[in-house]
Amino acid sequence: MFRLRWSRPHLLEILYQVTARVVWAANPLIRRAGYGRVARVVKGPEELAKQVLFGCKMCGQCVLHSTGMTCPMGCPKNLRNGPCGGVRADGHCEVYPELPCVWVQAYARAQEMPIYGHEMARIQPPVDRRLEGTSAWINMLTGADRNTPPGWVPLDEVS
Ligand code: SF4
């Protein structure tokens, strides 16, 4: 699908922040209407908008704001915590040498993000494949995107 190349990470993080606030403000209404029912309505527009802006793969656990407003699922290895060891000297992908590494881009873009850029250091949990194809906005409201496997402890909580 057509993907718009958007090179204004600060503008995108502001857009994300505003959208997240609106979604959280609407949460009482959405809960009353039923998360499942609202998800059926918002999934299409969410997918379209994120596809165009970020090449979204609808993983259902959006971490864009923590990864330089760059979709980590665009990495052919689907890595969520930085690049593999195969990044080429020119910053391109090991698997698709014609493409820049998603994580090289993510890091560079995070430097231009005063609001969320520091979240690049946050360790992301493993992707829950059961959420694929579902609305990440609704999963944020229900907390489904924060469910982690038993025993999973983020590094910053290990004492
Ligand atoms: S992190 Fe997931 S929901 Fe967010 S843009 Fe990427 S594939 Fe889509």
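A residue is termed buried if 20 or more other C-beta atoms, placed from the backbone, lie within 10 Å of its own, exposed if 12 or fewer do, and partly exposed in between. The model is predicted: local features need pLDDT of at least 70 and side-chain atom pairs count only at pLDDT 80 or more, while totals for chains, interfaces and linings use all residues. Residues are numbered from 1 along each chain as its sequence is written.

**View 1. The protein holds five helices and zero strands.** Helices (H or I, at least four residues) and strands (E, at least two) are DSSP runs, numbered from the N terminus. Buried residues account for 25% of the 159 residues. The C-alpha trace spans about 55 × 40 × 30 Å along its principal axes.

**View 2. Helix α3 covers residues 35–54.** Its end C-alpha atoms are only 25 Å apart, whereas a straight helix of 20 residues would span 28 Å at 1.5 Å a residue; the expected span is 1.5 Å times one less than the number of residues. At Val42, α3 bends by about 40°, and Pro45 follows within four residues. The bend is the angle between axes fitted to the seven residues ending at a residue and the seven starting there. Just after α3, Gly55 takes a positive phi of about 70°.
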